[in-house]
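Colleague: I have not looked at this one before. Can you walk me through it?

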Amino acid sequence: MTVDSPPRSLPEMCAAEEGKAAVLQQLLRRLESGLLTTAEITHTFASLEEALLGLERDEATAILREGNLTMQSVMPWLRFHDADVVDAAARIVAIMAGQGHHLQRVELADGLVRLKIRCGRGISTRVWPAAICAAEECVLHTALDVRGGAVLELGCGTGLVGIAAALAGAASVIVTDHDEAALQLARVNVDLNSLAEAVRVERLDWTEPEASRVAALGPFDTVVASDPLYDVGQAEALSKTIATLISPNKSSEPR
């Protein structure tokens with residue numbers, strides 16, 4: 001037995017319900033009804049995930065609590081016979097555990113940067129303190145003045161520093177990383193801050209910087225990297241990359 005009509009989309013639900021907590025409650029009632037097909041269960045979990053994306057972690061936690069959605073109510077779905085349902089439920093558990101996608105707001109001197117982060121996806125998809133410090137340097141124009149110049153960020157992760165450089169008045173910005181998860185997240189964050197025309201996202205392999213597409217777009221007036229090394233063996237490749245891509249009339253000494 002199935003429900004008479006397909007589940008409404010999230011925008012339709014938000015238009016009909018008051019507040020996201022009410023939406024979550026309705027989604028939870030769907031799951032508890034036992035009347036959904038496998039495809040409808042997957043769709044419902046996807047709607048739950050969509051409802052939670054774009055919220056800060058504390059805000060998402062509060063709404064989940066208000067909507068009576070708990071780990072105990074989701075965990076049984078991890079034993080469901082369909083892999084798509086299990087995957088969809090697992091993403092909700094990750095969000096509830098603070099390890100899924102959520103929104104982080106970073107306040108800088110020149111304004112607010114909004115970032116999607118994914119804590120459970122390795123070291124490159126979260127905001128580290130060094131990135132916040134480097135972003136502040138970009139907007140304060142103290143030790144680092146990027147105004148009017150071509151800026152390259154190495155090991156961009158979420159893209160915060162490059163985004164800050166664009167907000168600070170850089171003429172052009174390219175943010176780079178080797179990790180595909182970081183590149184995807186950086187693209188999302190560039191769009192989230194309405195900087196798609198100002199910030200370009202590119203993959204860069206430090207072992208072959210001269211052969212990269214980034215090299216063809218250089219040289220760069222400023223190369224920024226915040227806490228980019230987690231393996232001392234990469235230091236030489238990083239140094240070579242900076243020397244290769246920075247403008248000849250600029251110093252490659254770290255600051």
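Modeller: Start with one pair of residues. Alanine 150 has serine 172, in β4, as its bridge partner. Keep in mind that this is a predicted model.

Colleague: Which strands pair there, and over how many bridges?

Modeller: Strand β3, residues 150–153, pairs with strand β4, residues 172–177, in the parallel sense over 4 bridges.

Colleague: What packs on the sheet?

Modeller: Helix α8, residues 160–167, packs on the sheet and touches β3, β4, β5 and β6. The direction of α8 makes about 180 degrees with that of β4.

Colleague: And what is the strand order in the sheet?

Modeller: The sheet is open, with 4 strands in the order β5-β4-β3-β6 and parallel pairing. β5 (199–203) and β6 each have a single partner strand, so they stand at the edges, with one side of each lacking a neighbour in the sheet. On average, neighbouring strands of this sheet are turned by 20 degrees against each other, direction ignored.

Colleague: Back to β4. Why is it called largely enclosed?

Modeller: Because 5 of the 6 residues of β4 are buried, the strand is largely enclosed by the rest of the structure. The chain gets to β4 from β3 by way of α8, and that β-α-β crossover is right-handed.

Colleague: What about β4 and β5, how many bridges do they pair over?

Modeller: β4 and β5 pair over 5 bridges, in the parallel sense.

Colleague: Now α8 itself. How many of its residues are buried?

Modeller: The count is 7 of 8, so α8 is largely enclosed by the rest of the structure. The buried residues are Leu160, Val161, Gly162, Ile163, Ala164, Ala165 and Ala166.

Colleague: What follows α8?

Modeller: Glycine 169 follows α8, and the phi of this glycine is positive, near 110 degrees.

Colleague: At what angle do α7 and α8 pack?

Modeller: Helix α7, residues 129–140, packs with α8 at an angle of about 10 degrees, and their axes are 8 Å apart. Angles under 35 degrees count as roughly parallel, and α7 and α8 are therefore roughly parallel to each other.

Colleague: Which residues make that contact?

Modeller: From α7, they are Ala131, Ile132, Ala134, Ala135, Cys138 and Val139. From α8, they are Leu160, Val161, Ala164 and Ala165. By class, the contact of α7 with α8 has 10 nonpolar residues, no polar ones and no charged ones.

Colleague: Changing topic: where does serine 226 lie?

Modeller: Serine 226 lies in the loop between β6 (222–224) and α11 (235–245).

Colleague: Is it buried or exposed?

Modeller: Serine 226 has 13% relative accessibility, and the cut-off for buried is under 20%, so serine 226 counts as buried.

Colleague: What is serine 226 in contact with?

Modeller: Leaving aside neighbours within four places in sequence, serine 226 is in contact with Ala130, Ala131, Ala134 and Val161. Ala131, Ala134 and Val161 also take part in the contact of α7 with α8.

Colleague: Last one, the whole chain. How many helices and strands?

Modeller: The secondary structure comes to 11 helices and 6 strands. The chain has 255 residues, and buried residues make up 44% of them. Among contacts between residues at least 6 apart in sequence, 61% join residues at least 24 apart.

Definitions and conventions. Residues are numbered from 1 along each chain as its sequence is written. This is a predicted model: local features need pLDDT of at least 70, side-chain atom pairs count only at pLDDT 80 or more; totals for chains, interfaces and linings use all residues. Side-chain values use heavy atoms; hydrogens and water are left out. Helices (H or I, at least four residues) and strands (E, at least two) are DSSP runs, numbered from the N terminus. Buried means under 20% relative accessible area, exposed over 50%, partly exposed in between (1.4 Å probe, protein chains only). Contact means heavy atoms within 4.5 Å. Two strands pair if DSSP finds at least two bridges between them. Axes are lines fitted to C-alpha atoms, for helices over the stretch in contact, and angles run from 0 to 180 degrees between N-to-C directions. A crossover is right-handed if, with the strands pointing away from the viewer, the path from the first strand over the helix to the second runs clockwise. Angles under 35 degrees count as roughly parallel, over 145 as roughly antiparallel, 65 to 115 as roughly perpendicular and the rest as oblique. Ala, Val, Leu, Ile, Met, Phe, Trp, Tyr, Cys and Pro count as nonpolar, Asp, Glu, Lys and Arg as charged, and the others, Gly among them, as polar.
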